[in-house]
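Trainee: Hi! I'm new to this one, could you walk me through it?
Mentor: Happy to, let's look at it together.

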Amino acid sequence: MNDSAHPLLPPTVPLLRLTGPGGTAVQVGGTDTADGLLVAPCPDQLRALLRGLDGRRTQRSVVDEAARAGHEPAAVTAVLDGLRATGLLVDLDAADLLAGDAGPAAAARTRAELPAVAGAAARDGSPSPWRARRSAAVVVEGATRVGVPLAAVLAASGVGRVSVRDGGVTTAGDTVVGGLDAADEGRSRALAAADAVRRASPLADLRPLPAGSSGDLVVLTRPWAASDPLVAGLQRAGVPHLVATVRGETGVIGPLVVPGTTSCLRCAELHRRDADPRWPVLAAQLTATEAATGGATVTCLMTAVTAAVQVLAYLDGTAAPAALGTTLELRPPDLSPSLRPWPVHPDCGCASPPPAPVGRT
């Protein structure tokens with residue numbers, strides 16, 4: 001590892017003191033399914049140095065500091081390499097830290113989120129996606145019992161700009177843990193949603209996107225998203241979009257549509273029509289009025305978190321999201337996901353490449 005690496009030992013990794021005839025040792029990690037490393041001997045100064053590995057200093061600076069404290073540089077380097085080998089130590093890109101907002105609250109949030117993001121990238125050798133996540137803009141269409149917790153999770157996970165769109169007024173049925181609450185009844189859903197997201201991530205950029213911009217991804221959280229007039233426009237403009245909702249008592253995540261690459265929501269509607277010729281008549285009735293609020297709290301939250309995983313996988317680019325052209329369905333009581341693929345329908349015509357997608361703002 002070169003001296004310009006920025007080593008981070010996440011604050012959640014325990015440093016456990018052990019004493020014996022040979023002096024004081026420290027067990028780093030190794031208390032659960034992950035591997036640990038025994039550092040012996042380990043005086044208090046070295047333990048403090050390990051705890052202070054916050055990713056803001058280069059390895060050269062860390063080793064130099066240890067040398068000034070009387071530690072052998074080669075031994076400290078060996079400890080750092082051992083921690084790397086066990087996966088406990090994460091090497092940050094210096095620009096990842098610059099992509100975080102200033103201030104203690106944002107710094108604490110960054111320290112909590114960065115290890116998982118940078119660690120996943122390090123395991124497959126890809127660059128850290130943190131800067132891409134910080135510069136991304138996601139639009140959540142619908143301040144629902146899924147949409148608002150989802151927006152809050154995305155903002156807290158480092159997505160730079162999260163905008164919730166909804167022209168309605170909050171009702172008592174809209175409340176959910178991590179989303180709108182009883183005090184919001186009668187308020188604009190969009191404003192109440194912004195407050196909920198701000199509670200989860202005080203420095204999140206919640207500004208509406210400029211007219212004509214749809215950001216990097218749009219999440220459709222109303223029960224029958226395929227009937228939303230927005231969908232055709234998103235498909236034509238090449239804007240990726242994901243369904244995340246609860247229908248009846250079932251959480252539905254996907255399909256994630258990447259225009260020109262995957263099947264689209266119209267494909268799914270055509271497949272439904274093929275399976276049941278009455279579907280267009282039934283769908284018209286389902287979408288004629290706003291659906292009643294549904295879904296148990298745990299179903300709504302599980303749907304929101306599962307959707308957040310899909311959104312982050314897409315933004316990070318570290319793995320193909322499971323919802324690409326596929327629906328993940330969470331049915332009570334166990335909420336174990338079942339997959340329903342939606343292949344391109346031969347009558348749809350969506351396989352033709354769309355125009356270039358709207359850029360980030």
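Trainee: How much of the protein chain counts as buried?
Mentor: Of its 361 residues, 47% count as buried, where buried means under 20% relative accessible area, exposed over 50% and partly exposed in between, with a 1.4 Å probe and protein chains only. Keep in mind that this is a predicted model: local features need pLDDT of at least 70, side-chain atom pairs count only at pLDDT 80 or more, and totals for chains, interfaces and linings use all residues. Residues are numbered from 1 along each chain as its sequence is written, and side-chain values use heavy atoms, with hydrogens and water left out.

Trainee: And how many helices and strands are there?
Mentor: The protein chain has twelve helices and twelve strands. These are DSSP runs numbered from the N terminus, helices being H or I with at least four residues and strands E with at least two.

Trainee: Let's pick a strand. How many residues of β10 are buried?
Mentor: Eight of its eight residues are buried, so β10 is mostly covered.

Trainee: What does β10 pair with?
Mentor: Strand β9 (residues 241-247) pairs with β10 in the antiparallel sense over six bridges, and β11 pairs with β10, also antiparallel, over three bridges. Two strands pair if DSSP finds at least two bridges between them.

Trainee: Where does valine 257 lie?
Mentor: Valine 257 lies in β10, which covers residues 250-257. It is the bridge partner of histidine 241. Valine 257 counts as buried because its relative accessibility is 0%.

Trainee: What is valine 257 in contact with?
Mentor: Leaving aside neighbours within four places in sequence, its contacts include Gln235, Pro240, Thr262 and Leu265. Contact means heavy atoms within 4.5 Å.

Trainee: Switching to helices: which residues of α2 are buried?
Mentor: In α2 (residues 59-68), they are Gln59, Val62, Val63 and Ala66. Seen down the helix axis, the buried residues of α2 fall within an arc of 95 degrees, so they line one face of the helix. That arc is taken from the directions from the helix axis to the C-beta atoms.

Trainee: What do they pack against?
Mentor: The buried residues of α2 pack against β1 (6-8), α1 (44-51) and α3 (73-86). Just after α2, glycine 70 takes a positive phi of about 100 degrees.
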